[in-house]
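Hi there,

Here is the structure I promised to pass on. Have a look at it first, and then read my notes below.

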Amino acid sequence: MRKIWVLIFVCLLLNSCQQKKNIAFYFWESNFQISDFEQHYLDSLAVQQLYVRFFDVDIKNGKAVPVGTIQIHEKNKYQQIIPVVFITNETFKVLPQKEVTQLASNIQRKISFLYPNISDKTLQEIQIDCDWTESTKEKYFHFLNELKQQNKTLQISATIRLHQIRDRIQTGIPPIDKGVLMYYATSNPLDFKDKNSILDNAVAQNYIKNIDSYPLKLDVALPIYSWAIVENQVGEKRLINNIRNEDLIDTSLYQKLKPNFYVVKKAHYLKGNYIYEDFTIKTESISAQDLKIAQENIAKKLKNKWEKILYFQLDSSNLVHYSVQQLKTN
Amino acid sequence: MKKYILFIASIAFLFNNTTACSWYSEDASYYNLFNQNLISDKTLTPFFLTYDESFYGDAGFDGETNETELNEDIDYNILEWKKFFDNQVSVKDLNYLVYQSKPEELRNILSKKSLQGASLTLSKSIYLTEKGMEALRYLIFAKECEPFAVASEESSDDSWYYGSIRKKMTKPEFMSTAKDGNILYANTKNADIKLRIAYQLVRLSHYGGFNDDAIRYFKTYVEPLKLKNLIYYYALEQKAGALFNQKKYAEAGANYASVFHHTPDRKLQCYASFRISNQMDFDKSIALCKTSDEKAALYVLRGFNKFSNGLSEMKNIYAIAPNSAYLELMACRTLLQMEHNSFEIPSTYNDNTTFPLMDAKGKLFLQKVILFTENLVKSNKVKRIDFWQAYLAHLYLLNGQYIKSKNIADKINSNETQIMTQAQRTSFCAYIGSLKTIDKTAEENIFKHYTKNIDENEQNFVYDILAHNYILQKDYAQAFLCHNDFSGLYSSLNINIINSLIDFFKKETKSAFEQQLIKKHITSKQPLQELYDLKGTYYFKKDDLVSALVWYKKVDSKLSFLKIHEYNYDDNGQESIIEKDGTFNGYSNISAGIFSCSIQTYFDQNLQQAFTDKTYKNFSFIKETMNKQELVEALIELKKLANGTGDNAAKANFVLGNFYYNTSNWGYYRNFFYYEPGNYYLSYLYTYSKSPVVLKPTYNYNGGTGTINNNKIKQPYDYFLLAENKANDMELKAKAVFQASKCELDLYFDKCENSNYANCWSYDNYKPLYSSSNRPLFKKLKDRYSKTAYYNEIKSNCNYFKYYLKFKL
């Protein structure tokens with residue numbers, strides 16, 4: 001009997017101090033170069049993997065073409081580089097089924113052309129990022145299968161959005177080795193409502209009610225980016241990255257309307273974008289506290305079934321708002 | 001900066017619902033009633049406002065599509081050459097000389113100083129003059145530079161291949177090529193050719209990444225020639241690129257503005273290369289611009305972005321260059337942006353029933369633009385006053401100030417035809433907008449106006465407003481006829497419109513306008529007959545059989561108006577519609593199968609295969625082929641019998657159940673009440689995208705009256721259970737219960753449709769469709785009728801029932 005109690009105690013103990021998660025980062029900029037400041041974060045957080053967006057794929061004149069290919073300025077010696085390719089859902093809407101195999105081999109070839117410029121390590125994984133829907137799942141899944149067929153030794157992973165977890169019956173489960181749950185983009189930023197569209201923990205929680213039964217291994221991506229949603233004189237909206245409330249404190253340029261909402265008093269450049277008088281701005285960012293709650297909520301649902309956290313994204317202008325300690329996992 | 005754009009692009013994809021599907025056009029989503037071609041400088045055409053492409057008329061400088069009027073490409077470089085050769089060489093021959101000839105061919109001419117042996121296209125005596133030979137020497141040099149200047153596949157980014165990457169220049173290669181250029185420059189007398197050599201050297205340096213050299217060449221080779229022709233600006237563009245590479249954005253910006261202003265063919269490239277991201281650089285750039293026009297061009301480069309506040313840039317340009325075409329350009333872009341915001345083409349289900357649609361913010365902005373334009377018109381600073389009056393009149397139209405708009409537009413007396421056409425359009429639209437009611441005079445005016453050949457966009461705009469006004473004054477027939485033929489009613493039989501149309505067609509004298517309204521859409525030879533049928537069917541759909549019969553009795557029994565449509569595609573993918581006679585022609589040719597049933601319903605089978613049950617044959621009044629009058633009469637008779645008792649009443653109930661099931665959304669005749677000749681094109685009725693039961697108020701009937709769901713599956717369910725109840729015959733009972741169980745499934749689907757159907761069933765999980773909790777009638781079948789022959793038939797033919805028995809869920 002005593003032995004049983006000891007066993008139970010040890011189990012409880014193990015359960016209460018969950019295993020620390022590994023940390024990885026996404027790198028989503030068009031020029032690959034890591035600053036000293038960014039390197040400091042990578043070192044301090046013992047980051048082993050960098051998920052680097054190599055290029056996007058979009059449809060132009062009915063053809064799937066690469067867009068915005070990364071410019072690689074240095075070779076990374078420390079981390080395992082995982083190429084990520086963002087494919088627009090439109091691509092799978094328009095692309096004929098018979099061209100899917102070709103797309104997979106085009107992507108594979110372009111990655112193998114770029115990869116030696118960024119890393120000397122052996123390529124281990126390719127990640128595909130696509131907001132597929134019920135109408136495109138068939139072609140997208142076929143594409144993933146083809147990619148795997150052509151790269152049997154590699155791990156193929158893909159991003160999974162919150163709605164794809166919740167609506168799995170309609171959107172299906174992608175045929176991949178592993179998924180990354182994008183634990184952000186909880187609403188449409190263009191709605192311009194009071195809610196934080198990057199991550200509202202209450203909303204996100206609703207999406208993952210049944211995540212424990214999701215039949216794929218998942219890691220979790222958390223947002224550390226910020227942006228401004230800018231509305232012009234006729235109600236059209238655009239996003240400007242890396243804007244936080246601190247950037248809008250000059251009262252000669254901005255009048256605060258309510259928390260996170262401002263009106264532009266005088267035309268000027270805001271982080272390289274020319275914005276005009278009377279434009280309205282809403283800022284969105286994620287606090288360290290929000291990140292902590294998100295992790296707790298996920299941990300409650302996924303228990304120990306996830307291995308790492310991927311922060312989106314590695315950029316000094318994001319990192320400066322979080323201490324190394326705050327980015328360490330629970 | 002680029003990294004922000006990329007990141008935004010990738011995230012924004014998530015939220016962009018309007019991402020162009022192949023058929024969607026944002027430009028076609030609103031009424032553009034102001035003509036951008038009024039802008040006086042035609043070389044600005046690519047910068048007109050368009051929401052569909054990066055640049056108006058085509059996809060612009062990246063060369064994606066090159067088939068529009070814009071790209072009836074004028075090659076300005078060739079025109080320069082033509083001038084240079086005193087118009088003695090044709091464009092075709094110059095194209096060969098400049099772009100296709102081989103250096104050896106040119107060297108041959110030079111070495112022999114003769115055209116002997118030269119190809120016909122190169123046999124031009126002017127090539128043997130001093131300046132001609134200098135030109136040939138230059139071209140040999142230019143061809144030598146070409147491999148270093150052609151853009152690489154890699155940098156064009158939208159290719160998967162890496163075959164022909166631009167030759168990267170080494171320093172020694174550059175030095176050697178540049179040396180050839182230097183010698184040639186020194187030995188050349190003709191200033192035009194010297195300038196071209198200098199241009200090649202600036203470009204070579206820039207593309208090679210030798211930015212200092214590019215700038216130096218410009219200063220020492222280009223500038224001293226004091227020739228400000230097209231080639232000078234080509235060279236200046238290359239210098240701007242070198243300055244940009246050196247991060248001298250302000251200087252680069254001013255140079256790009258200059259090239260933008262002075263060249264007809266490098267504007268897009270200048271816009272693509274221009275990048276200033278702080279106020280200090282912009283101010284410096286403005287200060288560096290040499291003329292007011294160049295400064296104005298700089299404001300255009302900054303304000304071209306669709307998101308910009310055009311008024312702000314209009315004010316900047318007006319202050320320095322009020323007569324610049326750039327002011328007209330920004331004005332038109334601003335106006336179209338407001339049209340896009342307020343003249344959205346209304347849809348049937350549009351909640352908003354006011355037009356123009358503009359929120360308070362948009363309205364406030366419009367007031368500001370009006371105020372600015374009023375002051376501009378009052379001042380004596382602008383010369384092209386007619387343009388600005390037409391502009392102001394159109395702003396008043398957008399603002400709903402119709403009288404003011406019309407007054408100004410009517411006073412315009414320009415010698416420019418396009419301005420007069422615009423003024424007339426604005427005036428007429430303002431007149432239409434000002435109408436509170438559409439009376440005889442108004443109709444006469446519209447009729448007269450439409451005898452002229454007018455713009456389609458304007459016509460659509462006018463009909464939309466007109467139709468809306470007709471609805472407001474309850475002239476439903478006229479409102480409906482603005483956009484539709486009778487098929488606009490088929491999916492939702494609106495009795496107000498039908499009654500109004502009957503009155504309208506009965507009217508003996510019709511005005512010219514009314515006749516035109518009919519002619520616009522109605523081709524039917526028996527319009528009243530069709531309307532009587534529609535009215536009868538309106539009541540039939542509501543199951544008011546007595547009223548339906550009244551109207552069907554007025555219908556000519558030979559009436560036929562539905563045809564089966566087939567789509568045919570030729571080798572080029574062009575679609576054409578082929579019409580064929582169908583079984584159901586709108587009024588008659590209805591098979592008695594409508595009263596029959598089978599265990600499974602297959603929609604693509606013919607009638608004999610689809611229906612096996614012959615119970616209806618017990619009723620002699622059911623003819624094998626009927627028209628709607630005969631069908632309704634049979635139904636009335638059946639309903640009388642159904643109220644009785646015994647097997648005959650049971651059969652009547654059973655046959656009625658079949659009729660109502662077959663005409664439900666899940667039945668073989670689901671097309672019947674929607675006026676479709678066959679059941680094929682009705683996916684909207686049986687998929688899970690819900691069609692409304694009640695329509696929202698419409699702005700007008702553009703696009704028809706919508707679709708109203710007519711699925712009353714409870715009705716056959718009840719009839720089948722009554723049949724079971726009244727029957728003595730066990731086989732009939734079993735049949736009735738099984739058919740009721742099909743309704744039970746459909747009722748379940750209905751319920752699912754009203755909740756989240758994902759919880760009900762899925763393609764991976766059919767279990768709920770045969771579980772005992774959802775199919776209690778399966779249990780009834782098993783418990784009470786397992787000894788019938790029909791039960792065995794069900795067991796062999798209905799999979800759900802088989803699974804029900806097998807899995808016992």
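**What I found**

Chain A contains 11 helices and 18 strands. Please keep in mind that this is a predicted model. Of the 330 residues in chain A, 57% count as buried. Taking the contacts in this chain between residues at least 6 apart in sequence, 72% join residues at least 24 apart.

**Salt bridges**

Over all chains, the structure holds 44 salt bridges. In chain A, a network of them links Lys178(A), Asp219(A), Glu307(A) and Lys308(A).

Another pair is Glu416(B) and Arg384(B), whose closest N and O atoms are 2.8 Å apart. Glu416(B) counts as partly exposed because its relative accessibility is 31%, whereas Arg384(B), at 16%, counts as buried.

Then there is Glu744(B) with Arg775(B), where the closest N and O atoms of the salt bridge are 3.6 Å apart. Glu744(B) belongs to helix H33 (residues 730-754) of chain B and Arg775(B) to the loop between H33 and helix H34 (776-785), so the pair connects parts 31 residues apart in sequence. Both Glu744(B) and Arg775(B) are buried.

**Helix packing and a surface patch**

Back to helix H3 (residues 91-100) of chain B: this helix packs with helix H5 (residues 130-149) of chain B at an angle of about 50°, the axes being 9 Å apart. That angle makes H3(B) oblique to H5(B). Where do they meet? Leu97(B), Val98(B), Tyr99(B) and Gln100(B) of H3(B) contact Leu136(B), Leu139(B) and Lys143(B) of H5(B).

Finally, Ile74(B), Leu79(B) and Val91(B) make a nonpolar surface patch of about 240 Å². Ile74(B) is in the loop between helix H1 (2-12) and helix H2 (76-84) of chain B, and is partly exposed, with a relative accessible area of 49%.

Best wishes

How values were computed
Residues numbered from 1 in each chain as written. Chains lettered and ligands numbered in written order. Predicted model: local features only at pLDDT ≥ 70, side-chain atom pairs only at ≥ 80, totals over all residues. Heavy atoms only, no water. Patch = residues over 30% accessible without salt bridge, like charges linked within 9 Å, V, L, I, M, F, W, Y side chains within 5 Å. Areas by Shrake-Rupley, 256 points an atom, 1.4 Å probe, with all protein chains shown as cover. Salt bridge = Lys/Arg side-chain N within 4 Å of Asp/Glu carboxyl O. Helix = DSSP H or I, 4+ residues; strand = E, 2+ residues; numbered from the N terminus. Buried < 20%, exposed > 50% of the residue type's maximum accessible area, 1.4 Å probe, protein only. Axes fitted to C-alpha atoms, helices over the stretch in contact; angles between N-to-C directions. Parallel < 35°, antiparallel > 145°, perpendicular 65-115°, else oblique. Contact = heavy atoms within 4.5 Å.
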